[in-house]
Amino acid sequence: MKTVATLSSAALALALSFALPHAAFAKDETPPATKTCSSGKVLDKATNKCVRTSSNEINDDERYEAVREYAYFGDYTGALSILASFENQTDPRMFNYYGFINRKQGNMDAAMEYYAKALTINPDYILARAYMGQGLAAEGDLAGARAQLAEIRTRGGRNTWAYTSLAMALRGVQTNY
């Protein structure tokens, strides 16, 4: 019988997904299922149409959902254009995704600065802690990554996607997050 220690990364990720069902995670912590719009546009939920980010018909919550989709699917240019259109330019979610994009593009110093800004505004923002921890782990700072994992747990995030994804990163499981 195989143990968790001998499972492949993919098998470990699958095992964790069954151990901690996505239903237990907050919506903004689970990976998006699809990319709804293209060309930097945002879904207007009232009309169910993709509109320009400058539209007065959409709000920052809708912009945020679109940023998550664009970033997750690797369209960083689209994500950045939407981030620039946020009405609230001090939204910690915005800083978190600036950090995410910079991390994915290899700009680790800038990423850490953005994560720090998000956490200065909201120290309980566990998704920013998870992404910061993943960056730290990728850079070999496992102690720093474990400290973020402990902070997530301390702040009530033990059974969240943020915790699970960082724990996976600490085990060497490759993710898109």
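Colleague: Go on then, what kind of model is it?

Modeller: It's a predicted model, where local features need pLDDT of at least 70, side-chain atom pairs count only at pLDDT 80 or more, and totals for chains, interfaces and linings use all residues. Residues are numbered from 1 along each chain as its sequence is written, and side-chain values use heavy atoms, with hydrogens and water left out.

Colleague: What's the mean pLDDT of the chain?

Modeller: The mean is 82, and 79% of the residues reach 70 or more. pLDDT is the predictor's confidence in each residue, from 0 to 100. Over residues 1–27 the value is below 50, though that stretch has 28 contacts in the model beyond near neighbours in sequence. A contact means heavy atoms within 4.5 Å. Where pLDDT is low, the predicted coordinates should not be read in detail.

Colleague: Okay. How many residues are in the largest nonpolar core?

Modeller: That core has 42 residues, and L83, Y97 and F100 have the most contacts inside it. By nonpolar core I mean a set of buried Ala, Val, Leu, Ile, Met, Phe, Trp, Tyr and Cys residues joined through side-chain atoms within 4.5 Å. Buried is under 20% relative accessible area, exposed is over 50%, and partly exposed is in between (1.4 Å probe, protein chains only).

Colleague: Which element gives the largest share of the core?

Modeller: α6, with eight residues. Helices here are DSSP runs (H or I, at least four residues), numbered from the N terminus.

Colleague: And what does Y97 touch?

Modeller: Leaving aside neighbours within four places in sequence, Y97 is in contact with Y64, V67, R68, A71, L83, L127 and Y131.

Colleague: Switching topic: is α8 mostly covered or open?

Modeller: Mostly covered, with eight of its ten residues (the helix runs 161–170) buried. Among them are W161, Y163 and L166. After α8 comes G172, which has a positive phi, near 85°.

Colleague: Why does Q148 count as buried?

Modeller: Because its relative accessible area is 11%. Q148 sits in helix α7, and its side chain makes a polar contact with the side chain of R129 at 2.9 Å. A polar contact is a pair of N or O atoms within 3.5 Å; within protein, one must be able to donate a hydrogen and the other to accept it, and residues adjacent in sequence count only if both atoms are side-chain atoms. L166 in α8 is also one of the residues Q148 contacts.

Colleague: How many salt bridges does a search of the whole structure find?

Modeller: Seven. A salt bridge is a side-chain nitrogen of Lys or Arg within 4 Å of a carboxyl oxygen of Asp or Glu. R155 pairs with D124 at 2.6 Å, N to O. That pair links distant parts of the chain: R155 is in the loop between α7 and α8, D124 is in the loop between α5 and α6, and they are 31 residues apart. R155 also bridges to E151, with the closest N and O atoms 2.8 Å apart.

Colleague: Is D91 buried or exposed?

Modeller: D91 is buried, at 6% relative accessible area. D91 forms a salt bridge with R93, which is buried too, at 18%.

Colleague: Last one: why does A84 count as exposed?

Modeller: Because its relative accessibility is 53%. A84 lies in the loop between α3 and α4, and it touches Q89 and Y98, not counting residues up to four places away in sequence.

Terms used: Helix = DSSP H or I, 4+ residues; strand = E, 2+ residues; numbered from the N terminus.
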